[in-house]
Amino acid sequence: MNTDDPLLKVLEDLLNLDDIYACMIARRNMVSVMPDTSKFNQKIMEVWDIVSVAMKNVFSIIEEYSSVGLDAMEFRLKDHSVLFFVIPDTDNALVAII
């Protein structure tokens with residue numbers, strides 16, 4: 001992973017916010033940009049593992065409904081919200097656990 005990637009810097013800045021426990025830029029079936037997971041709040045690692053597995057299904061839903069304006073999804077896992085924000089005109093999404 002290129003540590004000079006400006007998106008990586010933005011994600012690392014997001015992790016400095018109190019409410020962001022983990023984040024990444026994801027593309028269907030792959031990770032595009034992700035900070036070192038040791039920088040994630042460790043109490044959400046179990047949830048992060050579930051999100052990683054569920055991502056394929058979420059991208060299927062986003063793909064199916066993006067033509068009618070779906071640009072974000074939120075769901076709850078345990079005590080955390082998982083947010084998917086579709087980056088316009090791309091097949092990427094910002095994924096964050098708060």
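This is a predicted model: local features need pLDDT of at least 70, side-chain atom pairs count only at pLDDT 80 or more; totals for chains, interfaces and linings use all residues.

How many residues lie between E4 and E5 in their hairpin, and which residue in the turn has a positive phi? There are 5 residues between the two strands, and Asp 89 in the turn is the one with a positive phi, of about 60 degrees. Residues are numbered from 1 along each chain as its sequence is written, and side-chain values use heavy atoms, with hydrogens and water left out.

Let me start with the strands. Two strands are said to pair if DSSP finds at least two bridges between them. Strand E4, residues 80–86, is joined by 6 bridges to E3, residues 72–77, and by 5 bridges to E5, residues 92–97, and in both cases the strands run antiparallel. If you follow Val 82 in E4, you find that it is the bridge partner of Phe 75, and that in E5 the partner of Val 82 is Ile 97. E3 and E4 also form a hairpin, with 2 residues between them, and here Lys 78 in the turn has a positive phi of about 55 degrees.

How much of E4 is covered? The strand is mostly covered, since 5 of its 7 residues are buried, where buried means under 20% relative accessible area, exposed means over 50%, and partly exposed is in between, with a 1.4 Å probe and protein chains only.

Now to the aromatic rings. A search of the whole structure finds 3 aromatic pairs, and the rule is that rings of Phe, Tyr and Trp (its six-membered ring) pair if their centres lie within 6.5 Å, with planes under 30 degrees apart counted as stacked, over 60 as edge-to-face and the rest as tilted. In one of them, the rings of Phe 59 and Phe 84 have centres 6.3 Å apart and planes at 85 degrees, so this pair is edge-to-face. The pair links distant parts of the chain, because Phe 59 sits in helix H2 and Phe 84 in strand E4, 25 residues apart. Phe 75 and Phe 84, by contrast, have ring centres 5.9 Å apart and planes at 25 degrees, so that pair is stacked. Phe 59, Phe 75 and Phe 84 together form one aromatic cluster.

Which of these are buried, and which is partly exposed? Phe 84 is buried at a relative accessible area of 0%, Phe 59 is buried at 6%, and Phe 75 counts as partly exposed at 21%.

Two further residues deserve a look. Asn 92, in strand E5, is buried at 12% relative accessibility. Met 73, in strand E3, is buried at 18%, and its C-alpha atom is separated by 8.1 Å from that of Ile 62, 11 residues apart along the chain.

Finally, let us go back to helix H2, residues 45–65, where Ile 61 lies. Ile 61 is partly exposed, with a relative accessible area of 37%.

Key
Helices (H or I, at least four residues) and strands (E, at least two) are DSSP runs, numbered from the N terminus.
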